[in-house]
Every structure is written in C-alpha cells, then in structure tokens.
Amino acid sequence: MKHNSASTNDITEWKGQDIILFQEDLRKEVKGSISEKSFYNYFKTSSEKIPRVDILNMLSEYCGYENWNDFKTQNSKIISNNTKKKTAKRKWIVFFLIGILFITSAYFLIPKSNTFNFCFIDRDRNEPITKNPIEIIVLNNEQSPYYTKSDSLGCFTWTTKDDFIHFVIKSPYHKTDTIYRSISTITKENIRVSTDDYALMLHYYANGKLDNWKNRKKELSKMIADDAVIFQVLPSGLGIEVYSKIEFINKLTTPTKSLQNIEIIESRRSEGQVVKLKFKIKS
C-alpha cells in the first residue's frame, strides 16, 4: 500500500488493475511475480492450501524478511495461535458432527410412542355417537386383545410404540367393523359408522308407542328369519332363555312394562333378515 493505491486494503477483494499493479510492484522490488491464476487460487478463495516455497520466499522478501523461514521464526507466536485456532475449530466441527450422528441414531433407535385419536360419527345422522358407547377391541401384533369403549364425546385415544393400530368396533345399533390405520400427519380422524337398521328397528318396536299391533307383527315377521336364533341373557348370571321367532314377536307385541326395558345386545343378519339376536331386560 506504500507503493501503489489499491481500491481496498482487503487483498481478497482485489481484481483487475489492483492485481496488475501488485504484480508490477513485485517485479520491481524482488525481481519476481505471481501469476493471476495463483493470485486467485491463494488469495481470493478459502482454500487452506499454501503456495510453493519459492512463492512464499518471494512474498516474505517483499514484506521485509529474508525468506519464508525468517518470516515463520519472527511470527512463530502468530502462526502457533492460528494453528491452535484451526485445530480447535476442527475439534468443534468433529464434536458437532458426532453430536448430530448421536441425535440421529437416537431418533431412529429409541422406540417412539405414537398416539392415535378417533371419533365415531353416525353415518346417517352425521352426529357423534355418544348415547351408546362404541365397544373397541384393539388387536395390535404381539399384544393381547385390549377391550375399551369410546368416551362421553364418542372418541377414543390409543398410545402405542407401533406405527399402526388394528381394532374392531361393535355397537348394539351400528354395524361391526374392523379398522386398520398407519401413523400419519393426521392427529385426529372421524370414523363414520354405518347404522344397523335392523337392530334400531327392533329397538324402536320394543320401546315405541304403536297403535297398530297387527301391522307391527307383520313387519317383525318380515324382518326376522323363520329359523332365527333368539335368546335372552338373564340377570345375575342365571344363564339364557331361548325364544322362537313367534315367541319373540309375541313378546315385542305384548304391551307389558318390561317391554320398555328391552335392550338389544347383538344382532346378525343374512340376506336381509335377522338370523341371530341377543337381548336383555334392564332392571
């Protein structure tokens, strides 16, 4: 900078005329020069590669030293500090990479917990199923079946180390269904459950107020198969009582007080008719 006026004191920003003046100054002072390619390789990039010894000797002489060794001797502390800084920087980089590797390994190796959230919606009414809880049987691999029910909001939450859930839903007035879901970005899913029309109709007949009892018998007769298996679950573990189709229809069409407390526990149908029916009378 004493011999020529560069555009900036920062040599890494020199270009064009600045480089040419520097090359000419080197020729004048030390009878040597540095090519433009070398200048860009060593001064304008972040490469840690140093020039050849002859170039270092020339540059050291240009700076007022005898040679490169003289420069290193007189600046040993500075060079040592720079070396230590570079070594420390490399260590921190290594520690940083090891830390990332450790965190990544932990992420994949440590078992994670996945939480599934479902709410059950009546497909016909498009409303949450809250009046009669949905019975849920979780069937995940390597686990015993787990029995639970939907809550007061018609929802169900399950936390597991598996990335999937496999369960069966049952309801007195809705169709039984098997659900399989894999973990996804969905935090909560609404499952639409189909109504069991036959069970609902039987429930309606058992608890409704109909004046035309004869018409009621005809409709029930169409709904129930002639060879249907029908039984009542007796209270206090006393067993069951089996009914024929006619006996059950007569029970449903006789206006007794117990008729109001009939609860359908399970119903199955085939070809449009009820073939199996299980019920109880609530006390």
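**View 1. D54 and its salt bridge.** D54 is partly exposed, because its relative accessibility is 44%. Buried means under 20% relative accessible area, exposed over 50%, and partly exposed in between (1.4 Å probe, protein chains only). D54 forms a salt bridge with R52, and the closest N and O atoms are 3.1 Å apart. A salt bridge here is a side-chain nitrogen of Lys or Arg within 4 Å of a carboxyl oxygen of Asp or Glu. The whole structure holds six salt bridges. This is a predicted model: local features need pLDDT of at least 70, side-chain atom pairs count only at pLDDT 80 or more, and totals for chains, interfaces and linings use all residues. Residues are numbered from 1 along each chain as its sequence is written, and side-chain values use heavy atoms, with hydrogens and water left out.

**View 2. The salt bridge of R269 and D196.** The two side chains, R269 and D196, meet at 3.4 Å, N to O. This pair links distant parts of the chain, 73 residues apart. R269 sits in strand 11, while D196 sits in the loop between strand 8 (189-193) and helix 6 (197-207). Helices (H or I, at least four residues) and strands (E, at least two) are DSSP runs, numbered from the N terminus. R269 is partly exposed at 34% relative accessibility. D196 is buried at 5%.

View 3. R268 and E266 form a salt bridge through their side chains (3.0 Å, N to O). R268 is partly exposed, with a relative accessible area of 46%. E266 is also partly exposed, at 23%. Salt bridges with shared partners join E266, R268 and K278 into one network.

**View 4. Two residues with positive phi.** Most residues other than glycine have a negative phi. K31 is not a glycine, yet its phi is positive, about 55°. K31 lies in the loop between helix 1 (17-30) and helix 2 (36-43). K31 is exposed, at 70% relative accessibility. E271, not a glycine either, has a positive phi of about 55°. E271 is in the loop between strand 11 (262-270) and strand 12 (273-281). E271 is exposed, with a relative accessible area of 81%.

**View 5. A nonpolar surface patch.** W92, V94, F95 and I98 make a nonpolar patch of about 490 Å². Patch residues have over 30% relative accessible area and no salt bridge; like charges are joined within 9 Å, and nonpolar side chains (Val, Leu, Ile, Met, Phe, Trp, Tyr) within 5 Å. Accessible areas come from the Shrake-Rupley method with a 1.4 Å probe; for residues, only the protein chains shown count as cover. F95 belongs to helix 5 (residues 76-109). F95 is exposed, at 54% relative accessibility.

**View 6. A positive surface patch.** K131, K149, K280 and K282 form this patch. Lys and Arg count as positive and Asp and Glu as negative; His and the chain ends are not counted. The place of a charge is NZ of Lys, CZ of Arg, CG of Asp or CD of Glu. K149 lies in strand 4 (residues 146-149). K149 is exposed, with a relative accessible area of 55%.

**View 7. The buried face of helix 8.** Helix 8 (residues 245-252) has K245, F248, I249 and L252 as its buried residues. Seen down the helix axis, these buried residues fall within an arc of 100°, so they line one face of helix 8. The arc is that of the directions from the helix axis to the C-beta atoms.
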